[in-house]
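Thanks for coming. Please have a look at it first.

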Amino acid sequence: MAVNRQKLKLLHLMKMLQDETDDERGLTMAEILERLGALGVSAERKSVYRDIEALRAFGMDIRTRRCAPVEYALASRDFTLSELALLVDAVQSSRFLTQRMSDKLVRSVKRLAPERQRALLTRRLHVEGRIKMQNESVLANVDQLQRAMAQRCRVSFLYFKYDAQKRRVRQRNGRRYEETPVQLVYADGYYYLVAYNEKHDGFPHYRVDRMEHIALLDEPASRNDRIATFDAGKLEQRAFGMYGGEPVSATLLVSGEAMGGVIDRFGEDVPVTSAGEEHAHVHVAVVESPAFFGWVAQFGSRVRIEKPAVLASAYRDYLKSILDAYE
């Protein structure tokens, strides 16, 4: 069906202002008429003035720049250039995105900026130690799990891990998991599903990129007080590497040199009591795991587990097992 180009004039004008103008650069009326003509749209100045007023009434911040000749420009947008740069950096540094998905999203973000500024968003951010994911199903999996939580139904899925030969091995001999999805958590560069398991009355965690063939079940999600009061923020803070387990109250003796790293992990509100001029006692809730012990080990003698004794003993055994492996 043939389209009347005059009907598209307002849309062409809007796109022109979005792509080619900003708070420092506008288009003159002559340039606007020339560009419309190149698109096969004939227009008079009066009709373009009316269209600009219509776009202003629609909510676009089109301003008149007092130049010689006068210019018209879209002065403000939903995102500033610095905000778009931050989004590009976040996309490029995300481990859960494959390189192809990352590049596609960056192109979409760049289209939110005027053409003159898009080159400034062609960034190559180096993230030390980052490995881009190879599994492109992660976003589809996140979408499925979000739908399940919105519909309050249980989900079924297959789950795999890697063996020593880097082969995918499906867990539970390939039998499907059936769980109540509770919360999606983004931690350490990965998405995790926190589920509720009725049989064990617990909250297992699953790496979303290692879930396959997710299906929404007709069965309603479980509902109880534990699920209703579940706090993902507390879980992420104490469950290093998203290891499951019951949290324990621990006291760490921390030197001033290591306090910055402790605050990075637990936040500025972490409870602290003085332990002399150069040290402090830090009181935290943690889950005993190799990931937690590895975090403590990076500080050497600058962080020491003081309480409970059973946790300190388990840490000592963890370090000894590593030394034994090198004998």
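**Salt bridges, cores and backbone exceptions**

I start with E178, which counts as partly exposed because its relative accessibility is 38%. On the terms: buried means under 20% relative accessible area, exposed means over 50%, and partly exposed lies in between, with a 1.4 Å probe and protein chains only.

Before going on, the ground rules. This is a predicted model, in which local features need pLDDT of at least 70 and side-chain atom pairs count only at pLDDT 80 or more, while totals for chains, interfaces and linings use all residues. Residues are numbered from 1 along each chain as its sequence is written, and side-chain values use heavy atoms, with hydrogens and water left out.

Back to E178. Its salt-bridge partner is R154, with the closest N and O atoms 3.9 Å apart. A salt bridge here is a side-chain nitrogen of Lys or Arg within 4 Å of a carboxyl oxygen of Asp or Glu. R154 sits in strand 4 and E178 in strand 6, so this pair ties together parts that are 24 residues apart in sequence. Helices (H or I, at least four residues) and strands (E, at least two) are DSSP runs, numbered from the N terminus. R154 itself counts as buried, at 12% relative accessibility.

S222 lies in the loop between strand 9 and helix 8 (225-228), and at 18% relative accessibility it counts as buried. Neighbours within four places in sequence aside, S222 touches T180, Y196, E198 and I227. Contact means heavy atoms within 4.5 Å.

How many salt bridges does the structure hold? The count is 19. One of them pairs R35 with E20, at 2.8 Å between the closest N and O atoms. That pair links distant parts of the chain, with R35 in helix 2 (residues 29-38) and E20 in helix 1 (residues 9-20), 15 residues apart. R35 is partly exposed at 25% relative accessible area, and E20 is partly exposed at 27%. Another salt bridge joins the side chains of D61 and R63, at 3.0 Å from N to O. D61 is partly exposed, with a relative accessible area of 21%.

Now the cores. A nonpolar core is a set of buried Ala, Val, Leu, Ile, Met, Phe, Trp, Tyr and Cys residues joined through side-chain atoms within 4.5 Å. The largest one has 27 residues, and those with the most contacts inside it are L145, F157, L193, Y206, V208 and M211. Elements that each supply at least two residues of this core include helix 4 (81-93), helix 5 (99-110), helix 7 (138-151), strand 4 (153-162) and strand 6 (177-187). Strand 7 (190-196) and strand 9 (211-220) are also among them. M211 touches S137, N141, L145, F157, L158, Y159, L193 and Y206, not counting residues up to four places away in sequence. A second, separate core has 23 residues, including L252, V270, F292 and V296.

On the surface, F79, L87 and L112 form a nonpolar patch with about 240 Å² of accessible area together. Patches are made of residues with over 30% relative accessible area and no salt bridge, with like charges joined within 9 Å and nonpolar side chains (Val, Leu, Ile, Met, Phe, Trp, Tyr) within 5 Å. Accessible areas come from the Shrake-Rupley method with a 1.4 Å probe, and for residues only the protein chains shown count as cover. L112 is in the loop between helix 5 and helix 6 (115-118), and at 41% relative accessibility it counts as partly exposed.

Last, the backbone. Most residues other than glycine have a negative phi, and most peptide bonds are trans. A cis peptide bond joins A68 and P69, with omega about 0°; P69 is in the loop between strand 2 (62-65) and strand 3 (71-74). Another cis bond joins K307 and P308, with omega about -5°. P308 lies in the loop between strand 13 (303-307) and helix 12 (309-325).

Where is the positive phi of R172? R172, with phi near 55°, is in the loop between strand 5 (168-170) and strand 6. D201 has phi near 50°, and its place is the loop between strand 7 and strand 8 (205-207).
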